[in-house]
Amino acid sequence: MSKAPRDIMLDGLWRDNPIFRQILGICSTLAVTNVVLNTAVMCVSLTVVTMMSCLTVSLLRDWTPRNIRMMVQTLIIAFYVIIVDLILKAYWPEMSRNLGPFVGLIITNCIVMGRCEAFAGSNPPGPAVLDGMFNGLGYSFILLAIAVLRELLGMGTILGFEIPYFATPYWDKWIIMVMPPGGFFVLASILWVCRSIGAKEVKK
Amino acid sequence: MNGIGQDVWMAVVTCFAAIFTQNILLTTFLGMCPFTSVSREVKAAIGLGVAVVFVMTFTTVLNWLAYYWVLVPLKLEFFRFILFIIIIAAFVQFVEMVVDRYSPKLYQTLGIFLPLITVNCAILGTSLFMVIREHSFIVTIGYGFGSGVGWLLAILAMAGIRQRLNESRVPEGLRGPGITLIIAGLMALAFVGFTGVLS
């Protein structure tokens, strides 16, 4: 049960990417992908929570009774989510209001729980942290791609900066992109592209 | 009396808003995981949907009581994530035991869906929205029920469409979750049409 660090990184980023391979965890974050900044904050929070939970679960793995491990994992995750939520509220109250309930919803994000259960529970702390981090990053890069597309096409800006051409009247803003249906369409398109590339790799 | 009447009216409006204009699945993407995996068959979709309506209504109300009667007086509001999760898990477990004991037939159809619900983001999401929007008690009842019905409506429609989809040829990379998301997008687009009906 030992994987080389390089394999752990590659699996998390691409080969077993949580979003387009396993379709996990899109629930709690897709709603904030209409603006790049919100998405970035969400992604950082999620990566930190995944990393720390994986570390804790891995450290406690020999002392956790098998039959209540789910409950223990949930409590560990909830603990870190509360910390992230309080930090945001204290230092960036505006962002905390924008994200609303979605920071709290990281608790039910299947990725965090999935990594704790599938990897951290049976591996030493070092690889567990690495695995949590790269799964978080693999998740983040797809969400950021979605957010960039949505904000660019919908409002002609990225991170609030106006982009040449897209912010001018020549570009008809696709308002639908910043509304919920846009999120579904962009995610489906990205899924399509990534899976097609993946299928070609397998054939080789 | 007038106050209560107004509250009930607000509850009804909130309920309809939660079903149509602010559908928890189609506007906030909550509960996507079971949505993409269980929506292959109409029958399973109904089973899960009904279970969600039931659990969502009761846990939202229970969480309201726990939040305003226990956490707010103790100034422990930040503790709500853990408390809500525990209440939801305990409630689902309790319902499972009751159903198993008194109605084995219902347990067979509904039972397998109950454990899935504990990790359904939509349930926790509804409770968190309820706190942020500062709903009163009566409005919370309407909101919890409406959100559940909205979710049921969405998964039912999706299952119906996906059964038809079995015969159509979908591009390779889009099969499964991809096409489900596109359909969900079209449904969300249709639901955008309800905006403005309630204001």
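I looked up Phe191(B) to begin with and found it buried, with a relative accessible area of 14%, where buried means under 20%, exposed over 50% and partly exposed in between, for a 1.4 Å probe and protein chains only. Phe194(B), by contrast, is partly exposed at 31%.

I noted that this is a predicted model, in which local features need pLDDT of at least 70 and side-chain atom pairs count only at pLDDT 80 or more, while totals for chains, interfaces and linings use all residues. Residues are numbered from 1 along each chain as its sequence is written, chains are lettered from A and ligands numbered from 1 in the order in which they are written, and side-chain values use heavy atoms, with hydrogens and water left out.

Turning to ring pairs, I found 13 aromatic pairs over all chains; rings of Phe, Tyr and Trp (its six-membered ring) pair if their centres lie within 6.5 Å, and planes under 30 degrees apart count as stacked, over 60 as edge-to-face and the rest as tilted.

One of them joins Phe102(A) and Phe129(B), edge-to-face with 6.1 Å centre to centre and 85 degrees between the planes. I traced this pair between chains, from the loop between α5 (93-99) and α6 of chain A to helix α8 (residues 121-132) of chain B, helices being DSSP runs of H or I with at least four residues, numbered from the N terminus. Phe102(A) is buried at 7%, and Phe129(B) is buried at 8%.

I then returned to Phe191(B) and Phe194(B), whose ring centres lie 5.5 Å apart with planes at 75 degrees, so this pair is edge-to-face.

Last, I recorded one aromatic cluster formed by Trp64(B), Tyr67(B), Tyr68(B), Phe84(B) and Phe137(B).

Notes:
Helices (H or I, at least four residues) and strands (E, at least two) are DSSP runs, numbered from the N terminus.
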